2 protein chains.
Amino acid sequence: MTRQAHPADVFTAIAEPRRRQVIAVLSDGEEHAVNEIVVRMKMDQSPVSKHLSALHKVGVVTVVKRGQHRMYRLNAEGLKPVHDWVKVFERYWTHQVDQIKQRAERKALERLIRLDDGPNKKEE
Amino acid sequence: MTRQAHPADVFTAIAEPRRRQVIAVLSDGEEHAVNEIVVRMKMDQSPVSKHLSALHKVGVVTVVKRGQHRMYRLNAEGLKPVHDWVKVFERYWTHQVDQIKQRAERKALERLIRLDDGPNKKEE
DNA sequence: TTTACATATTCCTTATAAGGAATATATTGA
DNA sequence: TCAATATATTCCTTATAAGGAATATGTAAA
């Protein structure tokens, strides 16, 4: 699964729990050898290398060859697209009070409109 | 693909570009009928319903039955896990200046260490 | 130059999930 | 009750990607 079918974008890359785990290991911003990551993840070397390769492909990590080791480091900028995307929705939970009020108003309005439509059931 | 194999977590759910598109349509915080989303997405009804169902399963949208329509609304709180996860990495790109300095220092240190190891090649 | 070690890659099998076509279900209206 | 409409669901095919075992590659050290 290496020269074949790595996720093409960051969103897909971080969807894999194992990959978020790799990122967690690298989240101190320091260099780490594959070796070390393997130990920390309690996982075979092969899949770890593959995950690192996948993360590298989408720009979330960088590699430096150092002796017989490959040192991986987090490149957090690669996560910015995700951050930027989700940041837009912050307001929905930060201004809860205003939110709830507005929502209540809307609901009231909707209830009025519903009267024209006859009785209705809810679902969720 | 409906009672079968919907993504189990938000990260996987939003990895699908179409699903982020659905979310974009719902990002005004208002109710939208499936119908309307189908038109806006220029996609068949079946896959749209499936995506909505997937988003509902992970709590990113809510549904209300209203007449013959099902009104979907964004439930942004469902995106909070993603936000919380990625927010941790904000500092890596917001304090760039300090970052670069620290990094330079580290690199210098590393160069010293490398002298013990002999010459090395880089890669990326 | 053989050996040991670190890591990447390939091959294979399997799981997950996307999309389309067809159909089922539910609601409303005639 | 029957037709129309909105939506969900099922079935099928296909694409994507995960993991393990084995192997290749690269580097260092004896």
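**Figure 1. Surroundings of His51(B) in the predicted model.** Leaving aside residues up to four places away in sequence, His51(B) touches Glu16(B), Arg18(B), Arg19(B), Val22(B) and Met43(B). The structure shown here and in the other views is a predicted model. His51(B) belongs to helix H4 of chain B. Its relative accessible area is 9%, so His51(B) is classed as buried, the limit for that class being under 20%.

**Figure 2. The protein surface near DNA strand C.** DNA strand C has 32 residues around it, of which Gln45(A), Ser49(A), Tyr72(A), Arg19(B) and Lys50(B) come nearest. Of the atoms of DNA strand C that come within 4 Å of the protein, 64% are from sugar and phosphate. At least two residues of this surface come from each of the following elements: helix H3 (34-41), helix H4 (45-57) and strand E3 (69-74) in chain A, and helix H2 (17-25) and helix H4 (45-57) in chain B. By residue class, the surface near DNA strand C comprises 9 nonpolar, 14 polar and 9 charged residues.

**Figure 3. Polar contacts to DNA strand C.** An N or O atom in the side chain of Ser49(A) is placed 2.5 Å from a phosphate oxygen of DNA strand C. His69(A) also approaches a phosphate oxygen of DNA strand C, with a polar side-chain atom at 3.4 Å.

**Figure 4. The protein surface and polar contacts at DNA strand D.** Among the 32 residues that surround DNA strand D, the closest are Arg19(A), Lys50(A), Gln45(B), Ser49(B) and Tyr72(B). Sugar and phosphate make up 63% of the atoms of DNA strand D that come within 4 Å of the protein. A polar side-chain atom of Ser46(A) is 3.1 Å from a base nitrogen of DNA strand D, and an N or O atom in the side chain of Ser46(B) is 3.2 Å from a base oxygen. Tyr72(B) places a polar side-chain atom 2.6 Å from a phosphate oxygen. Two or more residues of this surface are given by each of helix H2 (17-26) and H4 of chain A, and helix H3 (34-41), H4 and strand E3 (69-74) of chain B. The surface near DNA strand D consists of 9 nonpolar, 14 polar and 9 charged residues.

**Figure 5. Strand pairing in chain A.** Strand E2 (residues 61-66) runs antiparallel to E3(A) and is joined to it by 6 bridges. Strand E1 (residues 32-33) is likewise antiparallel to E3(A), with 2 bridges. Met71(A) in E3(A) is the bridge partner of Ala33(A) and stands opposite Val64(A). E2(A) and E3(A) form a hairpin with 2 residues between them, and Gly67(A) in the turn has a positive phi of about 65 degrees.

Methods:
Residues are numbered from 1 along each chain as its sequence is written. Chains are lettered from A and ligands numbered from 1 in the order in which they are written. This is a predicted model: local features need pLDDT of at least 70, side-chain atom pairs count only at pLDDT 80 or more; totals for chains, interfaces and linings use all residues. Side-chain values use heavy atoms; hydrogens and water are left out. A residue is near a molecule or strand if one of its heavy atoms lies within 4 Å of it. A polar contact is a pair of N or O atoms within 3.5 Å; within protein, one must be able to donate a hydrogen and the other to accept it, and residues adjacent in sequence count only if both atoms are side-chain atoms. Helices (H or I, at least four residues) and strands (E, at least two) are DSSP runs, numbered from the N terminus. Ala, Val, Leu, Ile, Met, Phe, Trp, Tyr, Cys and Pro count as nonpolar, Asp, Glu, Lys and Arg as charged, and the others, Gly among them, as polar. Buried means under 20% relative accessible area, exposed over 50%, partly exposed in between (1.4 Å probe, protein chains only). Contact means heavy atoms within 4.5 Å. Two strands pair if DSSP finds at least two bridges between them.
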